[in-house]
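Biologist: Please show me the model, and then take me carefully through the words that are used to describe it.

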Amino acid sequence: MKKIKRLYEAIGFSRLIIIIFLAILVLLTFALGLDSAGITSDVLVRIGLNSFFVLAMLPMVECGIGLNFALPLGILCGQFAGVLTVEWGLTGIGGILAACLLGSALSAAVGFFYGKLLNHLRGSEMMVGTYINFSIVSLMCIGWMLFPFFSDSRIKWAMGNGVRSTITLDGFYDKVLNDFLAFQIGNVTIPTGLFLAFGLGCLALWGFQKSKTGIMMKVSGMNPMFGKSIGINNDRMRIMGTVLSTMCGAVGIVIYAQGIGMYQLYTAPRNMAFPAIAAILVGGATLKRANIWHVIIGLTLYQAILTIAPVVSAQLIDDGSSLSEIARVIICNGVILYALTKIDGRKV
Amino acid sequence: MKGTMTTRLKDNAVTILFAVLCIGSILCSGQPMSYIINETAARISRNAVLILSLILPVLCGMGLNFSIVVGAMAGEIALILITHWNVGGALGMLAAAVICILLGSLFGFAVGKLMNRAVGQEMITGIILGYFSIGLFDLMFLILLGRVIPFYDEELMLANGIGLKNTIAFHDDVKNYLDNIWRITLDWSLVYAAIGAVAVLLILTVRRKRNYGETFFQAATRCRRAAITAGILAAAAIIVWSIPALRLACQGTQVPMAVGIITALLCLLTTFLTRTKLGQDIRTTGHNMDVAIASGINVGRCRLFSIMFSTVLAALGQVIYLQNMGNMNTFSSHEQVGQYAIAALLVGGASIKKASIGHVFLGAALFHILFFTSPLAGNRLFGDAQIGEYFRVFVGYAVITVALVLYGLKQTAQKRRNEETKR
Amino acid sequence: MRNIGKEYYGVRVLKNVSIRLKKGQILALLGENGAGKSTLMNILFGMGVIHDTGGFEGEIIFEGKEVKIAKPSDASELGIGMVHQEFMLIDGYEIAENIRLNREISQGNILSRIFGKKLELLDRRAMRMEARKTLDSLGLEALDETVEVENISVGYKQFVEIARELNKKNIKLVVLDEPTAVLTEGEAKQFLDSVRAFSRQGISFIFISHRLEEAIEYADTAAVLRNGELVAQCSMEGMTAEKLSEMMIGRTVELIKREERQESAKTGGILFSIRDLHVAMPGERVKGVDLDIREGEILGIGGLAGHGKVGIANGIMGMYPASGTVLYRGEPLHMEDTLGTLKKKIMFVSEDRRGVGLNLEASIELNTVIAALRVNQEYLRKFAGIRFYDHRAAAAYTAKMIKEIDIRCTSGSQPCKRLSGGNQQKVSIAKALAMDPEVLFISEPTRGIDIGAKKLILSYLVKLNRERHMTIIMTSSELAELRSVCDRIAIVTEGKVAGILGPDEEEYKFGLLMSSSIQKKTGEGENDEEDKTPV
């Protein structure tokens, strides 16, 4: 009995619900005789595509700020860089690298200022982050309408103002990473390039955690007063965490875009932070503590559900697509809500 | 004197900026005065109660209540039900109100309980809760209705008998019912409003005079807020009646008096509540929760009541709003309720910690003027209505962001000051 | 005769204490910090902490009857009120509203008759009149009851606090927790005079103070607590400050055997020269300390909690905003630059072991080496030009320290939160020693630690001093341990050094220094808080 209880505590309520839900879905795929190999391939691809968004949460939690509700700041930088690379006509891996580098540079600057702002707003980072996200995304909408940088006909609307709402990457770097060294096990396709990128990201962050700065950031995030007493500049650590997180967002959108074959502009990035947040929470992270394993586990569980649910529900009922969409909304926000009520604050 | 003037300007920077933006936008839009006044009056009347519902949680220190989305859903359920039962007219509205109060209290209770577990993070919890409840609403009325919940209505539901239609048109005795009971033109309604306000002022003054033994003039000046309201309304009436062009514009504007009276009554109820023992407890909680707990106030219950009241008002507000629209987008008309109401309240000069009825109306006017003129202005300036559209969305978000940031900065400064002055 | 008798047979904090107070009398409750005063008062109020930790033993007899006080509202129903040390006032409310907080006067109306009393409208006029009466009875005719509390001075806030208690109709007993600490001399006198006037009307007071002269002048009886035991409850008649302070401090038992006084402590050059140090540490403000520290000595800093002794080390190490000049080896020390100070081999072991001293979630190993890693770039190894954490070196050093100072743990990778208080303290010390410091500030090294660990830590400190010639500045609330270890002891009272004594001086002298009796004018430096005058 005690063992079961300890196991439950180790898994946690929301993770348990998600695992049960996923198990039911998996059983159903077999029961309904669905194409499990195809689904597995899809799950793998989606894990790879979303990996950097979830990784982005890590440094932010580590430095003590909490979850990054303003992840779209980085995403916007990445999109801007990506559209520029299309404008310049860069293709293949080179195009992706260029977009990542440029996006990282831009987002580092943006993250720096965002971090500076957050240092003055301790305690309300999540709320402020959410609204900074919303307002910057809508400001960028005006930006896309007015930017003078673009002239390519594949980017601009044929008529009227501004750039198209989706920029297709066909002929540039559509699925370049997905297909890089991809191979098949049975009927399951392994997107090697994607996982290579994910692995590199994990390795980089893991290395950072083991470096002197990483250790100092961790210590400062866990206990700022302790950090101060041994001469760590907490504000700088928080800024650094924000910058890293924002950069991950920029790289993340480039990888995501090459996978789905297009950049979705305008209001599309607005809600991109929430699934990433839900994913790392599902993995077992809290607002105060997160590690690489939380990222990997959470990403796998969350994306598996997101991929399998529509397929299964489409088989079960005729309006299955809306059911899975609704399930997505409920799971994503339910997980975040649950984490919010678990803040070790006061209860009244 | 100069110092207070600059702080005044600084404290109301958002409102002033908005007033300027509004005037600019009106001029750029090139619309006639009558159109502007007509639209403004219509939008204030249908949005006021929704915005009003935000006040109590602010006073209770819970910040801006993003979860009024839940209340709006309660209002929508009420409207769906009366459409299904085919009751309309006064009876239908009454039934809707009763359902609103019941469901609103129930939902509000649940929301409040949740908020009491997330002290200090109420706003972000409210936002996420809003999204979450939208998911639940969709699940309920798109998937379960007709499948699991036994319910059938050919008019409301999709052809296969499962889920509600995307748009629901209300019956004729519901559509604009409240608007049409009694409508008068704006020039006269201003006069009536002014007379009403003066009457309230007189009653208060006489009561005060009797209770406190003050002279008539003293008592009148003591009822400051009522006196200011009466003064503003009277001045507005005089201005409208003395400028022919303005009067002409006002004559073209119909004001739904029933909605106006309901709004006024709810405003009075809110004001009344803040002056009762309960209201004092709520304000104490909002000022300083530790002290409130130490002095024996049941903080949890105050917070719960504020949220419940807010949710009920939001439900009623959504009914007023939707009966004015005449139909509803079943799954999207509640999405942005919290967002717009909060932005409007902040534009009126409210903050995370303070809000009053004056902020509600000023904010409703300014925010909505910008809201409907900016696409027009965008069209004239850039030849593209889309830019104006994006602009108004941006402004809505930006207002809330600025309020949050300013409040956060102020709080940090306060904390620092407290630490330094503590003994 | 209505009297209150209380008996507790507490385990550790309070042992068999019984005090009695007659109606209309003023009782001065005296004792060092940690003597159990606040626990006693918490029990009287039925505060949640008491019941959460398993309740208490003994009984409370109030007005001849045994009463059960399970929560604060029970206490206030009985007519027991408290004036807290922290102001419990709402800044945005006017004075009248604060005085009637949660006891507002209200009038009925139609809605309240249907929905209950909560919907009654407030009667502000009646509230103001009530408040006015109480303020007048306190001799505060000049204070307008409609002014908001945020606009009045600290002294007036204290008056508003007590006005709130005295305004209660059934009030019979008021506890005052250091009420005069924030008042100027004139205000304190006015305050205590009105307290005495109220006691004549039959209200009893329990009065916690460290100003012994005040206590002697105004209280009828004194109850002295020491280490959770009642030393005596005696009449104030013919009492002197010396006698009281001796009762408070008591004879000390030597914790560790004193060695010969070392010569260097007297002859060593001046290492630190502190002039006019002010530190804005909440609850422990330092208000102008002048102090010289000699090389190679163990200097003790003693004094009561809240008087600023802990603030000195925190200010020098840059944990809280500080001003003043500190010369280290003749050169000015920049206090806000914590890293720079650490690099000068000046190290700090914080009094807040769990909050500041250690990172509880992290392992013993990380806690031990982190400071050296940060400051001296130790325990790192380069790989591809980036400095990575050197786990092997850190583990080796940790293992050595675990052995040397006997940290009881399963291994170096155990998280610190699983260790006992004594072992956590040892890790804090190991953390400091990893930097090989020349000067060690150590605050409250033995707080909440069992006696065995206590002895070990104290003798280890002496060993460090003798063998490594480390200068140690030890701050402690326990005079006994200061006297057994230190070469000189500075007593800090009300933010200033009241005096420096040798460890062998007589007990009562320490007590007198602490109780600020020999401070000449206490009200001097505090006029700056008088900037806001009521309208």
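Modeller: Two strands pair if DSSP finds at least two bridges between them, and the strands themselves (E, at least two residues), like the helices (H or I, at least four residues), are DSSP runs numbered from the N terminus. This is a predicted model, in which local features need pLDDT of at least 70, side-chain atom pairs count only at pLDDT 80 or more, and totals for chains, interfaces and linings use all residues. Residues are numbered from 1 along each chain as its sequence is written, while chains are lettered from A and ligands numbered from 1 in the order in which they are written.

Biologist: How do you know that β21 (residues 439-443) of chain C pairs with β22(C)?

Modeller: These strands share five bridges in the parallel sense, which meets the cut-off, so they count as paired. Within that pair, C:Phe441 stands opposite C:Ile473 of β22(C). Strand β15 (residues 298-302) of chain C also pairs with β22(C) in the parallel sense, over four bridges, and there C:Ile301 has C:Thr475 as its bridge partner.

Biologist: Why is strand β22 (residues 471-475) of chain C called largely enclosed?

Modeller: A residue is buried if 20 or more other C-beta atoms, placed from the backbone, lie within 10 Å of its own, exposed if 12 or fewer do, and partly exposed in between. Five of the five residues of β22(C) are buried, so the strand is largely enclosed by the rest of the structure. C:Thr471, C:Ile473 and C:Thr475 point one way and C:Ile472 and C:Met474 the other, and all are buried.

Biologist: What makes a group of residues a nonpolar core?

Modeller: A nonpolar core is a set of buried Ala, Val, Leu, Ile, Met, Phe, Trp, Tyr and Cys residues joined through C-beta atoms within 7 Å. The largest has 393 residues, and those with the most contacts inside it are A:Met57, A:Ala276, A:Ala278, A:Ile336, B:Ala78 and C:Phe207. Helix α16(B) gives the most to this core, with 16 residues.

Biologist: Which residues are in contact with A:Ala278, leaving aside its neighbours within four places in sequence?

Modeller: Two residues are in contact if their C-beta atoms, placed from the backbone, lie within 7 Å, and A:Ala278 has such contacts with A:Tyr302, A:Ile331, A:Cys332, A:Val335 and A:Ile336.

Biologist: How many residues from chain B and chain A does their contact take?

Modeller: The contact takes 42 residues from chain B and 35 from chain A. On the chain B side, the elements giving two or more residues are α7 (122-144), α16 (299-325) and α19 (385-421). Ala, Val, Leu, Ile, Met, Phe, Trp, Tyr, Cys and Pro count as nonpolar, Asp, Glu, Lys and Arg as charged, and the others, Gly among them, as polar, and that side divides into 28 nonpolar, ten polar and four charged residues.

Biologist: Which classes make up the side of chain B that touches chain C?

Modeller: There, 18 residues of chain B are in contact with 24 of chain C, and the chain B side has five nonpolar, seven polar and six charged residues.
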